[in-house]
Amino acid sequence: MQKFFSNKKLIILMILIIVTFGLLAVTVNIRDKKSTPPVVQQVGNDVVSVVGGVFAYPTNAVKNATSEFSDLYNTYSENKRLKTRIGELAQNQAKLEVVQDENKKLKQELKLNGTLTDYSTVNASVLSRSPSSWQNYLTINRGQTSGIKKNMPVMSGKGLIGRIIEVDKVSSKVELISTNNELNDKFAAEILGDNKNVTGVVSRYDSSTGDLVMENVNSTKDIKKGQSVITSGLGGLTPRGLYIGKVYGIKKDNYGMTNSVYITPAAELRNFTVVTVIKSSVHGEN
Amino acid sequence: MNIKRRKIFGQVLFILFAFYLDGLIKWAFLNNMNHETIVILPQIMLMAIVMLTMRIEDRRQLIIYGIVFGVIYDSYYYGIIGLYTILLPLLMVGIDHFRFLLIKNNMGYDISIYFLSLTFLQTGIYLLEKLLQQTSTDVFDFITYTLGPTLLWNIVVFFVIYIPLANMSAWLVKYRRDSK
């Protein structure tokens, strides 16, 4: 026994290897299966994120200023284009209000408490992005205290950008839609066709073209380029009607069996500092 | 507070500042979310760590720094504990171990040590994540699209900020050298 434990370096190496794999396996498991990480980790992350806010605030201000500066370049042409749309918008808004009101009354009549389209929102600002190739996370400054739960969808100004993956007390992590993690990046989606909507699952991100890929599409007959894609609300975690992007094209897979619809994401995943977390009113089994 | 404690406090603040810079630089300048072919990972904290490691002579202090900042880095940025937590102390002990090769502190030496550390760290992270099936990237894609650009970007940045960084880290550990 004396001989066995005499090589100190070997023992240290052995313990190191065991500890490494133990820690990794346990934390990966916790991240995938539990709704929150252990309290120690939560508190640690919160402290780091609160202090990080001090650095993030000026950075976000600079980021906003630079994006405003680049906006100045195309102001003239954009203004012209927008002016043509503005009349249309006012009309649509009035119509939307009337329809929403009517919808609310009808729901009361039918005693419908919550449907797939009902949700409330929480705004949060971004603190940092992980300097990591495979964990595409944003850290935001809202957590459990604001009612955020794991797996809630997250939008930027224009469209869907990802999903909450870890919730701490006053901060949380958002996994971006442009991730190739096979467990978490799936969204039940729906293409708004002229007469019939086509459902499917946004399941992949094509990093070479920057497109999202929608699979399990039942028929591609009515799909045209430029049609809007929204979340379908099926599956329970995501409400219906969150805008994802526009159809870019259809490709058959290598075996010619299924069709994949390529979608240009609406969210410009670069120039934003504030995100919106969507809290669905209808909860599926989690 | 005596001067030794003050210096240690300064070192911790220095590393923490570099830690936040990593996330913020990635967020503000290298935020290529729409076309994610080339991935550049800023590793400013590693610069601070390498510079301090080459100047601090107490191995126990190095290991404590490595584990503490490794855990914070993993928990805050990766959400998986065990990548930096293990690799960072290993790296620091490694640099400390081969200190006898060091003839004098010059820029070329510092940059080559940083280059080797960055390669070791990124490759280690890749191998561990591959093992745990956190990524499906193959080795050639990793070298071309992640390791290469990351090394290039970081070496250029290190070159640019070398002089203030070296002066700062020398000043932060100076007391211990003089006392010997």
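Biologist: What should I know about the model and its numbering before we start?

Modeller: This is a predicted model, in which local features need pLDDT of at least 70 and side-chain atom pairs count only at pLDDT 80 or more, whereas totals for chains, interfaces and linings use all residues. Residues are numbered from 1 along each chain as its sequence is written, while chains are lettered from A and ligands numbered from 1 in the order in which they are written.

Biologist: How many helices and strands does chain B have?

Modeller: Chain B has seven helices and zero strands, where helices are DSSP runs of H or I with at least four residues and strands are E runs of at least two, numbered from the N terminus.

Biologist: Why is chain B called as compact as a globular protein of its length?

Modeller: The radius of gyration is taken over C-alpha atoms, and the globule rule is 2.2 Å times the number of residues to the power 0.38. For 180 residues the rule gives 16 Å and chain B has 16 Å, so chain B is as compact as a globular protein of that length. Along its principal axes, the C-alpha trace spans about 50 × 30 × 30 Å.

Biologist: What makes A:Asn151 partly exposed?

Modeller: A residue is buried if 20 or more other C-beta atoms lie within 10 Å of its own, exposed if 12 or fewer, and partly exposed in between, with C-beta atoms placed from the backbone. A:Asn151 has 17 C-beta neighbours inside 10 Å and therefore counts as partly exposed. This residue lies in the loop between β2 and β3 of chain A, and has a positive phi of about 75° although it is not a glycine.

Biologist: Why is A:Asn216 called partly exposed?

Modeller: A:Asn216 has 15 other C-beta atoms within 10 Å, and is therefore partly exposed. A:Asn216 also has a positive phi, of about 55°, without being a glycine, and its place is the loop between β8 and β9 of chain A.

Biologist: What makes strand β5 of chain A mostly covered?

Modeller: Five of the five residues of β5(A), residues 172-176, are buried. A:Ser172, A:Val174 and A:Leu176 point one way and A:Lys173 and A:Glu175 the other way, and all are buried.

Biologist: How do you know that β5(A) pairs with strand β4 of chain A?

Modeller: Two strands pair if DSSP finds at least two bridges between them, and β4(A), residues 160-167, and β5(A) have five bridges in the antiparallel sense. Within this pair A:Gly162 stands opposite A:Leu176, and a hairpin joins the two strands through four residues. Strand β2 of chain A, residues 137-140, pairs with β5(A) in the antiparallel sense over four bridges, with A:Leu138 opposite A:Val174.

Biologist: Which strands make up the closed barrel of chain A?

Modeller: The closed barrel has six strands, running β6-β7-β8-β11-β10-β9 with antiparallel pairing. One of its pairs is β6(A) with β7(A), which meet over five antiparallel bridges and form a hairpin with six residues between them. A:Ala188 stands opposite A:Val201 in β7(A). On another side, three bridges join β6(A) to β9(A), again antiparallel, and there A:Ile191 stands opposite A:Val229. Four of the five residues of β6(A) are buried, and the strand is described as mostly covered.

Biologist: How do you know that helices α2 and α4 of chain B touch, and which residues meet?

Modeller: Two residues are in contact if their C-beta atoms, placed from the backbone, lie within 7 Å. B:Ile49, B:Val50 and B:Thr53 in α2(B) meet B:Leu88, B:Met92, B:Ile95 and B:Asp96 in α4(B). These residues divide into five nonpolar, one polar and one charged, where Ala, Val, Leu, Ile, Met, Phe, Trp, Tyr, Cys and Pro count as nonpolar, Asp, Glu, Lys and Arg as charged, and the others, Gly among them, as polar.

Biologist: How many residues does each chain bring to the contact of chain B with chain A?

Modeller: Chain B brings 35 residues and chain A brings 37 residues. On the side of chain B that touches chain A, α1(B) gives the most, with seven residues, and the classes there are 17 nonpolar, 14 polar and four charged.
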